[in-house]
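Please keep the sequence and the 3D view at hand while reading.

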4 protein chains.
Amino acid sequence: MNPPAVNEAAFSWPVRVYYEDTDAGGVVYHAVYLQYLERARTEWLRAVGFGQRELARAAGVLFAVRAMELDYLRPARLDDALTVTVDVMQLKPASLTLSQCIIAATGEPLLTAVVRIACVDTCFRPTRIPSSLAKELSHAR
Amino acid sequence: MNPPAVNEAAFSWPVRVYYEDTDAGGVVYHAVYLQYLERARTEWLRAVGFGQRELARAAGVLFAVRAMELDYLRPARLDDALTVTVDVMQLKPASLTLSQCIIAATGEPLLTAVVRIACVDTCFRPTRIPSSLAKELSHAR
Amino acid sequence: MNPPAVNEAAFSWPVRVYYEDTDAGGVVYHAVYLQYLERARTEWLRAVGFGQRELARAAGVLFAVRAMELDYLRPARLDDALTVTVDVMQLKPASLTLSQCIIAATGEPLLTAVVRIACVDTCFRPTRIPSSLAKELSHAR
Amino acid sequence: MNPPAVNEAAFSWPVRVYYEDTDAGGVVYHAVYLQYLERARTEWLRAVGFGQRELARAAGVLFAVRAMELDYLRPARLDDALTVTVDVMQLKPASLTLSQCIIAATGEPLLTAVVRIACVDTCFRPTRIPSSLAKELSHAR
């Protein structure tokens with residue numbers, strides 16, 4: 001059987017599993033996958049020219065997770081080399097919904113996630129995604 | 001307006017926010033809430049007499065998160081004193097589904113979660129919840 | 001043999017080990033002890049009336065770790081109930097040096113630390129410890 | 001003034017700062033640097049052919065931190081691109097002492113560390129470093 005096809009259009013980012021990520025069950029601790037997902041989202045933004053620190057400083061906006069649906073399919077282990085993908089499902093003026101996947105070196109999916117992100121100001125009130133960034137993200141779809 | 005009523009029957013566990021839990025946005029980092037949820041689940045099991053280390057050692061079982069639906073409603077901040085609740089939604093032979101909530105000192109809900117947990121053996125294969133524990137959990141509903 | 005005497009004058013704070021704290025070696029991950037040390041320092045400040053969030057907001061000061069010497073004596077494991085102590089070794093106008101210890105339920109020391117903390121402003125420049133706090137800390141010795 | 005020269009012979013590993021690494025003070029949380037140090041040590045071992053998971057499984061040995069001296073010189077911030085170095089100070093039959101440094105993109109050192117590591121068996125008893133690895137490490141000096 002072939003490994004499930006990964007959407008070629010998705011952004012992807014490599015992640016390595018270190019001791020810090022594992023727990024006494026011998027596998028990656030379940031909350032750590034959210035860090036992997038966020039690293040990939042951060043690098044996806046950086047790849048289209050937007051660093052999160054600069055976004056907070058210059059545009060006064062942050063991206064805050066509003067909702068997540070997570071399916072844990074198989075555990076990852078120490079030293080595993082994983083790939084994390086990012087795909088835009090929906091882009092709205094002040095929020096976006098992403099489909100993300102964490103994939104083993106064998107091609108097997110370990111976790112799938114639907115992540116809804118809101119653009120907020122520094123007081124955590126919803127605000128529009130800066131237009132220059134929104135333009136890049138709509139191209140990225 | 002009254003704060004939303006918290007189900008009095010639910011198990012609850014206090015959590016304090018420390019610097020380790022916060023991020024540069026000034027709020028609790030979104031993955032950290034999963035740690036809070038897990039601390040409450042662990043204490044809920046301990047309250048009915050089952051330590052997780054002992055469960056792994058004596059019965060050879062672990063509880064692994066299979067799926068989560070998370071709604072982030074409001075951010076928590078440094079020094080906040082939070083309450084985390086645990087409620088059984090469904091109890092099956094080899095899995096259980098919990099409803100959990102993280103609540104501010106004001107009574108406002110900050111996060112709601114539906115968490116599906118599988119009972120697995122030390123090779124992460126699904127296995128029955130030990131009968132003595134299943135009995136306690138069915139009473140806890 | 002008696003467990004080593006813990007200095008009765010020290011402030012102490014209980015900490016429980018959860019899955020989030022452990023690693024695939026089956027023990028508490030070495031960086032996590034620094035979080036335990038910091039929780040105890042935070043509660044020690046709170047016990048004399050100073051919350052860290054309030055200190056940052058009202059007085060514009062933070063406490064930043066400048067140096068640490070850590071000796072890891074024995075590993076802690078899942079579900080262990082630990083005690084973390086705080087003792088003032090030296091109090092200077094803009095810094096303080098603390099002796100801290102993490103102790104097992106058996107009384108055995110697991111980790112000893114000497115921690116040098118600087119009082120800094122929100123730009124991380126050294127600044128005097130607020131006098132009301134310095135007074136409390138000098139009593140605490 | 002020139003940035004301090006980094007020992008060209010040292011192993012070095014790049015690390016990026018993400019939100020997960022920062023705290024409400026706006027900088028990298030002090031315990032997170034220990035994770036950066038450990039990632040570099042892990043990659044240094046991998047670079048000479050030894051994965052830690054394989055070492056635990058095949059040779060039954062782990063590397064446990066016994067002692068650390070840490071000097072925090074300057075804070076790192078969100079999105080910073082850091083370099084972590086590893087240098088062998090002393091190699092003994094069952095332990096090694098490393099000098100490590102975390103360096104900003106500007107060349108400025110942010111943290112220096114002396115780390116004493118013991119080779120232990122899976123019960124955390126001191127044991128000899130496997131000879132094939134010891135040979136590689138003595139060449140690496």
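## The interface of chain B and chain A

Between chain B and chain A of this predicted model, the rule for salt bridges finds zero of them. Polar contacts do occur there, and the count between chain B and chain A is six residue pairs, both partners being at pLDDT 80 or more. On the side of chain B that touches chain A, two elements of chain B, α1 and β2 (61-72), each supply at least two residues. The largest share of that side comes from β2(B), which gives nine residues. Sorted by kind, the residues of the side of chain B that touches chain A are twelve nonpolar, three polar and six charged.

In terms of contacts, 21 residues of chain B meet 21 residues of chain A. The two chains bury about 1800 Å² between them, and 60% of this area lies on carbon and sulfur atoms. Three residues, B:His30, B:Tyr72 and B:Phe124, supply 27% of the area that chain B buries against chain A, which is more than any other three residues.

## How chain B and chain A are related

Chain B can be laid on chain A by a turn of 180° with a shift of 0.0 Å along the axis, and the RMSD is then 0.0 Å. The two copies are therefore related as by a two-fold rotation axis. The same surface serves both copies, since 100% of the contact residues of chain B recur in chain A.

## The interface of chain B and chain C

Chain B also touches chain C, with 20 residues of chain B in contact with 20 residues of chain C. The area buried between chain B and chain C is about 1900 Å², of which carbon and sulfur atoms give 43%. Of the area that chain B buries against chain C, 33% is supplied by B:Tyr18, B:Tyr19 and B:Arg53, more than by any other three residues.

How many salt bridges does the rule find across the interface of chain B and chain C? The rule finds six salt bridges there, and one pair of side chains that meets in a salt bridge is C:Arg53 with B:Asp80, at 3.2 Å from N to O. Across the interface of chain B and chain C there are also 14 residue pairs in polar contact, with both residues at pLDDT 80 or more. The elements of chain B that give two or more residues to the side touching chain C are β1 (11-16), α1 (32-47) and α2 (52-59). Among these elements α1(B) gives the most, with six residues. By kind, the side of chain B that touches chain C divides into five nonpolar, four polar and eleven charged residues.

## How chain B and chain C are related

A rotation of 180°, with 0.0 Å of shift along its axis, superposes chain B on chain C with an RMSD of 0.0 Å. In chain B, the C-alpha nearest this axis belongs to B:Val15, which is 5.8 Å from it. Here too the same surface serves both copies, as 100% of the contact residues of chain B recur in chain C.

## The fold and extent of chain A

Chain A has three helices and five strands, and, read along the sequence, these elements follow the pattern β-α-α-β-β-β-β-α. The C-alpha atoms of chain A fill a box of roughly 40 × 30 × 25 Å, taken along the principal axes. A compact globule of 141 residues would have a radius of gyration near 14 Å, and the value for chain A is 16 Å, which agrees.

## A:Gly60 and its surroundings

A:Gly60 lies in the loop between α2 (52-59) and β2 (61-72) of chain A. Leaving aside residues up to four places away in sequence, A:Gly60 touches A:Leu55, A:Val120, A:Asp121 and A:Thr122.

How far apart are the C-alpha atoms of A:Gly60 and A:Ala105? They are separated by 38 Å, with the two residues 45 places apart along the chain.

Definitions and conventions:
Residues numbered from 1 in each chain as written. Chains lettered and ligands numbered in written order. Predicted model: local features only at pLDDT ≥ 70, side-chain atom pairs only at ≥ 80, totals over all residues. Heavy atoms only, no water. Least-squares fit on C-alpha atoms with pLDDT ≥ 70 in both. Contact = heavy atoms within 4.5 Å. Buried area = accessible area lost by both parts, 1.4 Å probe. Salt bridge = Lys/Arg side-chain N within 4 Å of Asp/Glu carboxyl O. Polar contact = N/O pair within 3.5 Å; in protein donor to acceptor, adjacent residues only side chain to side chain. Helix = DSSP H or I, 4+ residues; strand = E, 2+ residues; numbered from the N terminus. Nonpolar A, V, L, I, M, F, W, Y, C, P; charged D, E, K, R; others polar. Rg over C-alpha atoms; globule rule 2.2 N^0.38 Å.
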